[in-house]
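Please open the structure in your viewer and keep the sequence panel beside it. The stops below go from the whole chain to single side chains.

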Amino acid sequence: MAHTPSTMLELGTPCPDFQLPDMNGKRVSNRDFENQPLLIAFICNHCPYVKNIINVLAERLKDYQDNGVRVVTIMSNDYQAYPNDKPEEMKKVAETFKFTFPYLLDKSQEVAKQFRAACTPDFFLFNSDHKLVYRGQFDDSRPANDKPVTGKDLSLAVERLLTGEPIGQDQKPSVGCNIKWKPGNQPDYF
């Protein structure tokens, strides 16, 4: 199991433009959520780090939506090499965990590169002006550390964003499995 930290994209970075298909072929764009806070989560189906948090993650993401934060999840892995991440499996995961948010396929991996995404899970929270205010971990839980899955780090950032409190710049990187890049497609930020 790889142990890859997020790249910690610079705070204040504008949300990269993207338009990707969901599991039903509907195209979803960051522009669909203009003037609304937006959380982008890079996840996949097979990663032990994602599996460790998925139950609580799905619940928290629904809570964030209920409070006005738009949520999008993106799968950017090479699913030819990792068939558990193929679109049919993505649809099963979305149904199993009752996703109330789009689960998008980044087949070209270009969106992951625009975000400088490095791992699954990797989180990017943007304010209503779509400027990055948080990029970091869900919480301290990891597959084998016996810490409870709470989502406290990301939830605190969301809460502060919604109440107008400062989020702070001392943010812990997310850690997970590296994004599974297609041969010859690994970005230069590693």
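A contact here means heavy atoms within 4.5 Å. By that rule, among contacts between residues at least 6 apart in sequence, 78% join residues at least 24 apart. The model is a predicted one, in which local features need pLDDT of at least 70 and side-chain atom pairs count only at pLDDT 80 or more, whereas totals for chains, interfaces and linings use all residues. Residues are numbered from 1 along each chain as its sequence is written, and side-chain values use heavy atoms, with hydrogens and water left out.

**The whole chain**

Begin with a cartoon view, in which the protein shows four helices and 10 strands; helices (H or I, at least four residues) and strands (E, at least two) are DSSP runs, numbered from the N terminus. Following the sequence, you will pass through them in the pattern β-β-β-β-α-β-α-β-α-β-β-β-α-β. The C-alpha trace spans about 45 × 40 × 35 Å along its principal axes. If you colour by accessibility, buried residues make up 52% of the 190 residues, where buried means under 20% relative accessible area, exposed over 50% and partly exposed in between, with a 1.4 Å probe and protein chains only.

**The cysteines**

C119 is buried at 0% relative accessibility, and C177 is buried with a relative accessible area of 5%.

**The loop between β9 and α4**

Now move to D139, in the loop between β9 (132–134) and α4 (152–163). What is the nearest side chain of opposite charge to this buried residue? That side chain is R142, at 4.8 Å, and D139 has no salt bridge, which would require a side-chain nitrogen of Lys or Arg within 4 Å of a carboxyl oxygen of Asp or Glu. A polar atom of the D139 side chain does lie 2.9 Å from the backbone nitrogen of S141.

Residues up to four places away in sequence aside, D139 touches P148, V149, T150, G151, K152 and D153. Beyond its neighbours within four places in sequence, T150 is in contact with V56, R60 and D139.

Conventions: Lys, Arg positive; Asp, Glu negative; His and termini not counted. Polar contact = N/O pair within 3.5 Å; in protein donor to acceptor, adjacent residues only side chain to side chain.
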